[in-house]
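Please open the structure in a viewer and keep the selection tool at hand.

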Number of protein chains: 2
Amino acid sequence: MLNASPDIREQMLRCAAMHPRGLRDTPLAALLLTNGDIDHIAGLLSLREQTPFTIHATGEILALLAANRIFDALSRDMVPRREVRLSTPFGILPGLQAEVFPVPGKTPLFMEEGEVNTGLLGEQTVGVRLSDGGKVAYYIPGCADVTGELIARLADADHLFFDGTLWQDDEMIRAGLGRKTGKRMGHVSMSGPKGSIARLAGLRAGKTFVHINNTNPVWRPDSLERAFARENGWEIAADGLEIEI
Amino acid sequence: MLNASPDIREQMLRCAAMHPRGLRDTPLAALLLTNGDIDHIAGLLSLREQTPFTIHATGEILALLAANRIFDALSRDMVPRREVRLSTPFGILPGLQAEVFPVPGKTPLFMEEGEVNTGLLGEQTVGVRLSDGGKVAYYIPGCADVTGELIARLADADHLFFDGTLWQDDEMIRAGLGRKTGKRMGHVSMSGPKGSIARLAGLRAGKTFVHINNTNPVWRPDSLERAFARENGWEIAADGLEIEI
C-alpha cells in the first residue's frame, strides 16, 4: 500500500480528473522474465494492484514463482502466467514475436546450495529475440560467458541489449563492496579479451548495455571506461531511454 | 541490483569520499515485523545487500518468511531472524524494550483461502509496545477493530501510532479503485462511531496516524477530514516525520 504525500495526492487527483478510468492503470501489457533472481522478480510485488498484464516465463522460472506464495498477491485472474518454451517463438504483443533461448547462467542467489555452476544452460537464464517480422532485437540482461554459439546466434541482430553489470570481474572486491567476482554472480564483464566489448565486436548490430551495476565506471560521464565503450559502439542505457531500430 | 544514473553515481562517489566505509551501510539496526502481508515484508527484498541488521517477528511471521525462499536473499549470517513471543518484553535496541501483542487482523492476502476472518487474534497481526523505561509508545499499523481490550491496554501510552488506512470503510469502492471494504482488508476506518477517532478519543496519549492509503482524504491539506482528525488530536504522518515523546 502506497503512502502518498499530499503533493502526490493532489497530482493523482488531477490525473484522475483527466483520466477517470486510469488512476490505477499500469502501462505494462506483457512482461517476460529472463531470470528468477531477486532483481528480476521482486519488482512484481510492486505491480500487485488489480491491473491486468501477462507474465511470460519458462517453466523453471514459473515454478520458482509458484514456490514463493508471496507472488500470489498478483491475482491469477488479472495477471495470468504463461509458460514459454525454449527456442519456440510466440506472440508476446500484437505484431511482436518473442523467442527465448538459454545463455550461460546460474541458479538464483536465494536458491544456491553448495558449489555453484555459473555455466548452466537451461531455463533459469535466458536471452530474448524480439522481432516484428522486419527488424530483430535481442535482450540479454544476464550472461556469464559470451560463447561462440551465442555470437553466431546474434548474427541477425539489428540491435542488442546486453548484460553490462561490471566493467571488470573483481570490481566489487576492489571497491570493498563485496566478496564476489562478476563471474561468481553470473555476469561476464565488459572489459578484457573475454569481455563483452571484445567478444561482440564483430556484430553489425547497434549495441546498448543494460543491467549496469552501480560500481561500473561507465556510469561516470567523464570516465575513460565510458569513452572506451562508446568508441567501441556501445551505448550506456539510462532511465527513459528510447531506441528506434 | 540498483541501476544508478550518472548523477546518482556522482552523489554516491562524493558520499563514499566522505564516509569511506559507509557506501553500502543501512541506517537500520533492528527491524520488527508486525504483519506478514506484502506491504510489511516485500521491502525486505530492497535491503538485501550485505549490511547487518536483525529481523524480529513472531513465529508465525517468521514461518511465512521461511516458506518463501526468496527471502533467503537476506544472508542469515548478516541478517539474523529472532523469534519474539506474544506479551513477552525483549530488548530490541540498547535501552529500548519492545513487546508485541495480538490485535484483530487476518491472514495475509497471498495466503487467503475460502472465507476470510478479519477478527483473528494471534501471531499474524500484532501491535508493539515500546518503552525506554520512562515513556511508552505503541505502534499499531494494522488493526481491524478497536476493541475494549485494546483501549484498556493503551491506557499507559504516551504516544500512539495507529492504523490510518481509510477514512471510511467503502472509500475504495466509492472511488472505483477496488471491490474491498477496509474491514475486508483488515483495517478499521478513522471515521464513524466504531472508527479509531471516536473509539480512541479517551486516551491521554499523543496520536499519529500511520499506514495511510492514498485514497484517504486526510492526505489533502485543505480537506475537512484532515481538519476533523487534527481537531480530535491526531497528526497525519508523512515522510521524514520525527516525534519526541
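The model shown is a predicted one.

**The second largest pocket**

Begin by selecting Leu32(A), Thr34(A), Tyr139(A), Pro141(A) and Val210(A), which are the lining residues nearest the centre of the second largest pocket. The lining comprises 40 residues in total, and the space inside amounts to about 1,400 Å³. Next, display the elements of chain A that each contribute two or more residues to this lining: β1 (30-32), α2 (38-41), β4 (90-93), β6 (126-131), β7 (136-140) and β9 (206-210). Strand β7(A) supplies the largest share, with 4 residues.

**Aromatic pairs**

Over all chains, 10 aromatic pairs are counted. Tyr139(A) belongs to strand β7 and Phe161(A) to strand β8 (residues 159-163) of chain A, so the pair ties together parts that are 22 residues apart in sequence. Are these two residues buried or exposed? Tyr139(A) is partly exposed, at a relative accessible area of 34%, whereas Phe161(A) is buried, at 16%.

Now move to chain B and select Phe101(B) and Tyr138(B). Their ring centres lie 5.8 Å apart and their planes meet at 70°, so this pair is edge-to-face. Phe101(B) is part of strand β5 (residues 96-102) and Tyr138(B) of strand β7 (residues 136-140) of chain B; the pair therefore ties together parts that are 37 residues apart in sequence. Both Phe101(B) and Tyr138(B) are buried.

Return to chain A and select Phe162(A), Phe209(A) and Trp234(A), which ring pairs link into a cluster.

**Cysteines**

The last stop concerns sulfur. A disulfide is a covalent bond between the sulfur atoms of two cysteines. How many disulfides does the structure hold over all chains? The count is 0. To finish, select Cys143(A), which has 0% relative accessibility and therefore counts as buried. Cys143(B) in the other selection likewise has 0% relative accessibility and counts as buried.

Methods
Residues numbered from 1 in each chain as written. Chains lettered and ligands numbered in written order. Predicted model: local features only at pLDDT ≥ 70, side-chain atom pairs only at ≥ 80, totals over all residues. Heavy atoms only, no water. 1 Å grid on protein atoms, 1.4 Å probe; cavity = no way out; pocket = protein on both sides within 12 Å on 5 of 7 lines; lining within 4 Å. Points joined across faces, edges and corners; volume = space filled by probe spheres on them. Phe/Tyr/Trp six-rings, centres within 6.5 Å; stacked < 30°, edge-to-face > 60°. Buried < 20%, exposed > 50% of the residue type's maximum accessible area, 1.4 Å probe, protein only. Disulfide = S-S within 2.5 Å.
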